[in-house]
Amino acid sequence: MRLKILKNGHTFLQKLQFRVIKKMMGEVPGPIAVMSYRRQFFGKHFAPWLNQAMRKMKHWTIGEVELMAAFVSKNNECQYCYGDHVAVAKNVYEEKLVIAIMEDIDTAPIEAKLKVTLQFLQKLTVNPSALTKNDIAPLREVGLSNDAIQEAVQVCGAFSVVNRLADAFDFELSSQPAKVGRFLFKNGYGLASVKG
Amino acid sequence: MLEKIILSILGVGKSKSDLRKQTLEKVRNIVRRDTSDDLAPALLNTYVDKVARHAYKVVDRDLEALKTDGFSEDEIFELTVTAAFAAGEARVKLVTELLAD
């Protein structure tokens, strides 16, 4: 972590709760440290967006949004988020399939709906200013509604933020990604901003 | 939900609110048009540009340089959060507009 305040600047009560998180997850993940620091400024308001995007969707499964999170992270070259969200996705999908999707979305053996969505998110991540209405057409062709598209875009939006925080602040890579992945799969993102 | 976050990150803080507002607009413009006005000081401009376009290239000395230039850790925290948030928010808004057309 490049800022000392994100290591040591939390309140006494937050530090106590971090001990519990450490027992459950093996460590205090960087996003929790950032979203808890002066939480009124950012984390208190951002965490509900993240949780909404990742666990309160109507058109996508947990496995699908975790694949989207990992895929956006891969395209942002964010090693931290990529590792953790591949680990979450592996709770749902075979490792071989997850890796195939991450390495080449165009040839990965997945249904058209998810494939065109990930291709769209790739462009939105890497080259957003080049997006036009024409990029919406493939999404329509596979029958995606505006709501379904918006839900996928919320995942891309939220991870566009977290990826940048992870890399700018230099989050330490998870020492036990499988443990973190299992925890996030089962418990979601409700603990993302610790009160106190 | 996004409006609440904007109100908060542009509200009371330790860095100048105007600077956070300019940072937000700069990153929004990078997302939408791939171009933006420069921020002052130049070091901050370079840093925000890097966070917006390829945050994985940020290195220790980028933040150290900001500290040497007089930015406190809390100011760097706020400006980084603002730049990162703008990168996500602008993408969501961009697609909302494409879907509305």
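## Where two chains meet

How much area do chain A and chain B bury between them? The answer is about 3,700 Å², and 69% of that is on carbon and sulfur atoms. Keep in mind as you look around that this is a predicted model.

On the chain A side, three residues lose the most area to chain B: A:Arg2, A:Phe41 and A:Arg164. Together they make up 21% of what that side buries. In terms of head count, the contact takes 42 residues from chain A and 44 residues from chain B.

## What holds hands across the gap

Let's turn to the polar side of things. Between chain A and chain B there are 16 residue pairs in polar contact, and the rule finds 3 salt bridges across this interface.

Which parts of chain A touch chain B? Helix 1 (5-8), helix 4 (43-55), helix 8 (112-126) and helix 10 each supply at least two residues. Helix 10 gives the largest share, with 13 residues. Sorted by kind, the residues on this side of chain A split into 21 nonpolar, 12 polar and 9 charged.

## A closer look at A:Arg164

A:Arg164 is one to click on. You'll find it in helix 10 of chain A, which covers residues 146-169. Is A:Arg164 buried or exposed? It is buried, and yet it has no salt bridge. The nearest side chain of opposite charge belongs to A:Asp167, and that is 8.1 Å away.

So what does A:Arg164 touch? Leaving out residues up to four places away in sequence, its contacts are A:Asn76 in its own chain, plus B:Val51, B:Ala52, B:Ala55, B:Ala84, B:Ala87 and B:Arg91 from chain B. With B:Val51 there is a polar meeting too: a polar atom of the A:Arg164 side chain lies 3.0 Å from the backbone oxygen of B:Val51.

## A salt bridge between chains

Now for the charged pairs. Over all chains, a search of the whole structure finds 19 salt bridges. One of them pairs B:Glu78, in helix 5 (residues 73-100) of chain B, with A:Arg38, in the loop between helix 3 (30-36) and helix 4 of chain A, so this pair joins two chains. The closest N and O atoms of B:Glu78 and A:Arg38 are 2.5 Å apart.

The two partners sit in rather unlike surroundings. B:Glu78 is buried, with a relative accessible area of 0%, whereas A:Arg38 counts as partly exposed at 24%.

## Salt bridges within a helix

Other salt bridges stay inside one helix of chain B. B:Glu64 and B:Lys67 meet in one, at 3.7 Å from N to O. They are 3 residues apart in helix 4 (residues 60-68) of chain B, so about one helical turn separates them. B:Glu64 is partly exposed, with a relative accessible area of 41%, and B:Lys67 counts as partly exposed as well, at 22%.

How values were computed. Residues are numbered from 1 along each chain as its sequence is written. Chains are lettered from A and ligands numbered from 1 in the order in which they are written. This is a predicted model: local features need pLDDT of at least 70, side-chain atom pairs count only at pLDDT 80 or more; totals for chains, interfaces and linings use all residues. Side-chain values use heavy atoms; hydrogens and water are left out. Helices (H or I, at least four residues) and strands (E, at least two) are DSSP runs, numbered from the N terminus. Buried means under 20% relative accessible area, exposed over 50%, partly exposed in between (1.4 Å probe, protein chains only). Lys and Arg count as positive and Asp and Glu as negative; His and the chain ends are not counted. A salt bridge is a side-chain nitrogen of Lys or Arg within 4 Å of a carboxyl oxygen of Asp or Glu. A polar contact is a pair of N or O atoms within 3.5 Å; within protein, one must be able to donate a hydrogen and the other to accept it, and residues adjacent in sequence count only if both atoms are side-chain atoms. Contact means heavy atoms within 4.5 Å. Buried area is the accessible area (1.4 Å probe) that two parts lose on being put together, summed over both. Ala, Val, Leu, Ile, Met, Phe, Trp, Tyr, Cys and Pro count as nonpolar, Asp, Glu, Lys and Arg as charged, and the others, Gly among them, as polar.
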